[in-house]
Amino acid sequence: MSQADQISLPAESGGAAPGQPAAPAPVAARRGGDTLYFALRNKKLVGGLIVVLALLVLGVVGPLVHTNSPTEYLGTPGQSPGGEWLMGTTMFGQDVLAQFLHGLRSTFLVGALGGGLAAIVGMAVGFVAGYRGGLVDEVLNMLTNILLVIPTLAVLIIIAAYLKVRGVMVEALFIGFTSWPWAARAVRSQTLTLASRDFVDLARLSGVPTWKIITRDIAPNMSSYLFMTFILLFGGAVLAAATLDFIGLGPTDGMSLGLMLNNAVRWSALQLGLWWWFVPPGLGITAVVGALYVMNVGLDEVFNPRLREM
Amino acid sequence: MLSLHSISKDYRTGAFGGATMTAVRDVSFDVGVGEVVSLIGESGSGKSTIGRMILRLASVTRGKVTFDGADISAYRGPALKEYYRDVQGVFQDPFSCYNPVFRADRVFAMIKEEYFPRVPREEWAEKIEAAVEAVRLNPGEVLGKYPHQLSGGQLQRLLIARALLLDIKLLVADEITSMLDASTRIDVLNLLADLKARGLGVLFITHDLSLGNYVSERTIVLRRGSIVEMGPTNLVFGNPLHPYTIKLLDSVPRLHEKWDVDAERPAEPAWAVEPLVEAEPGHFVAGYAA
């Protein structure tokens with residue numbers, strides 16, 4: 001059963017092999033279609049994707065359309081939503097809508113960069129450790145385990161506190177380099193089982209170099225797994241960034257949703273009833289991360305026939 | 001051509017790798033040009049491990065394997081690749097030899113990419129067709145399909161065709177017929193006979209005595225990682241001298257008679273590591289006393 005399950009990926013035929021005859025591919029089409037068929041009918045996946053894409057468009061296009069600066073003091077302080085200021089102003093007269101749009105943008109940036117970086121490091125470590133085994137595995141595994149038991153947040157706080165100027169990029173780098181260990185362990189265990197399959201031996205007998213075996217033979221067999229790993233890391237990076245921002249260790253020269261929350265709390269927006277200052281960023285973070293996790297559950301159902309609701 | 005010089009393989013076992021388990025113990029034999037040698041043994045006797053050591057898929061703990069006089073353990077990178085140009089293997093389970101997410105002909109594409117990158121596409125397609133026809137398959141039926149759309153016999157023969165693309169000198173055939181039904185098995189065996197005629201050396205690893213008898217010139221009987229009896233097939237099968245071989249031969253079901261539960265059977269001999277003694281010319285038996 002498991003072998004047949006893993007076939008259902010549309011990306012497969014593309015990178016297959018240059019020497020292959022351009023074979024009639026009704027089967028491949030049907031199979032790729034299978035995944036798409038279940039993907040489009042999965043309410044969790046489609047719903048999550050719509051929310052994430054809508055927020056992404058808002059974050060990318062929004063600041064271009066609504067060109068107010070998120071940090072300048074533009075209007076009367078403490079304006080409630082409506083009228084000139086669509087989402088009101090802060091205690092200092094900053095435009096909340098501009099802050100929200102820029103915050104969304106940096107949230108996606110941190111997620112993509114931090115999550116992407118963590119995915120790359122985690123996969124590299126996991127693949128190499130799982131495939132090479134022996135001493136390489138021992139060393140990499142030890143490194144992974146050490147990083148795994150280090151209280152990441154505490155380290156992030158210390159590092160962030162040392163840097164005087166922090167941008168969104170730097171924050172994403174920190175998060176990326178500290179959140180990869182569980183991904184590495186997951187990838188390693190999958191690689192261990194795949195590497196003992198005969199087709200890997202056959203590739204070795206064909207003189208295929210190690211990196212090619214990993215990227216062309218092992219990785220395609222777990223591509224759904226890798227994709228879901230990336231989504232989880234993305235969500236994790238967004239949350240970690242929001243946490244850092246909220247405790248005041250966010251970007252010093254930019255805007256983020258966590259920073260909005262941090263400012264709102266520092267200037268007692270809750271007590272003063274400035275709800276339009278802290279509700280949008282809170283909802284934004286919840287929506288992005290929640291939608292990503294719901295998407296992940298949906299993807300799980302698409303890739304794993306046993307979980308499909310039928 | 002291929003020589004094994006008293007090779008051994010130890011596996012580390014136990015929680016901290018403290019204990020060792022010897023899977024193969026001091027095994028020496030040769031495979032000559034155009035010679036089919038069958039390696040017979042029960043499950044766990046180390047026969048597949050020997051095949052994997054010859055193919056450099058497992059390391060050799062002690063001793064060495066030489067091919068045309070050169071120690072194969074020294075091969076790295078390009079040299080190892082050249083070694084695989086001469087020596088190839090076909091494994092027991094054809095279904096797991098194919099990456100399930102790709103088409104079955106990807107095994108040919110890998111060979112082209114690594115060994116014949118400059119061969120034009122049309123010429124290569126002809127070469128593949130010739131190799132597929134050589135293993136008695138219809139290219140139109142099997143090319144461009146996914147592994148699960150082909151039968152075990154077809155997949156197994158495609159793997160042999162893959163090995164043939166390289167113009168090899170030695171084929172390590174590890175239980176290649178155990179997953180096949182009787183009629184396809186005969187096809188594959190006949191194919192091996194053809195290959196032998198072409199001058200290809202074959203190490204035929206099997207647990208099936210009658211198959212070994214059918215294809216090979218020389219037979220090696222393995223028990224718990226050591227050789228118990230070795231020699232020309234007609235001598236080993238016609239005049240088995242080691243008690244284990246006698247017991248093994250007696251255990252083969254015969255087509256024309258029912259299994260007699262109450263009949264006297266030779267007992268399983270006690271196990272001991274004994275040196276090989278030449279009982280008659282070319283016929284070696286472990287611990288033989290004339």
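Which residues have the most contacts inside the largest nonpolar core? Let us explore this predicted model view by view.

**View 1. The largest nonpolar core.** Welcome to a set of 147 residues, inside which A:Ala237 and B:Leu203 have the most contacts. The biggest contribution to this core comes from helix H4 of chain A, residues 96-132, which supplies 17 residues.

View 2. An unreviewed UniProt entry places the feature "transmembrane region" at residues 45-65, 85-101, 108-131, 143-163, 225-249 and 274-299 of chain A. Take residues 225-249 of chain A: this span is 88% helix and 0% strand, with its end C-alpha atoms 33 Å apart. Now look at residues 274-299 of chain A, where the chain is 96% helix and 0% strand, and the end C-alpha atoms lie 39 Å apart.

**View 3. Chain B as a whole.** Here you can trace 10 helices and 12 strands in chain B. The C-alpha trace of chain B spans about 60 × 50 × 45 Å along its principal axes. Why does chain B agree with a compact globule? A compact globule of 290 residues would have a radius of gyration near 19 Å, and chain B has 20 Å, so the two agree.

**View 4. Inside chain B.** Of the 290 residues in chain B, 41% count as buried. Among chain B contacts between residues at least 6 apart in sequence, 65% join residues at least 24 apart.

Definitions and conventions. Residues numbered from 1 in each chain as written. Chains lettered and ligands numbered in written order. Predicted model: local features only at pLDDT ≥ 70, side-chain atom pairs only at ≥ 80, totals over all residues. Core = buried A, V, L, I, M, F, W, Y, C linked by C-beta atoms within 7 Å. Buried ≥ 20, exposed ≤ 12 C-beta atoms within 10 Å, placed from the backbone. Helix = DSSP H or I, 4+ residues; strand = E, 2+ residues; numbered from the N terminus. UniProt positions renumbered as here; feature names shortened; annotations may be inferred. Rg over C-alpha atoms; globule rule 2.2 N^0.38 Å. Contact = placed C-beta atoms within 7 Å.
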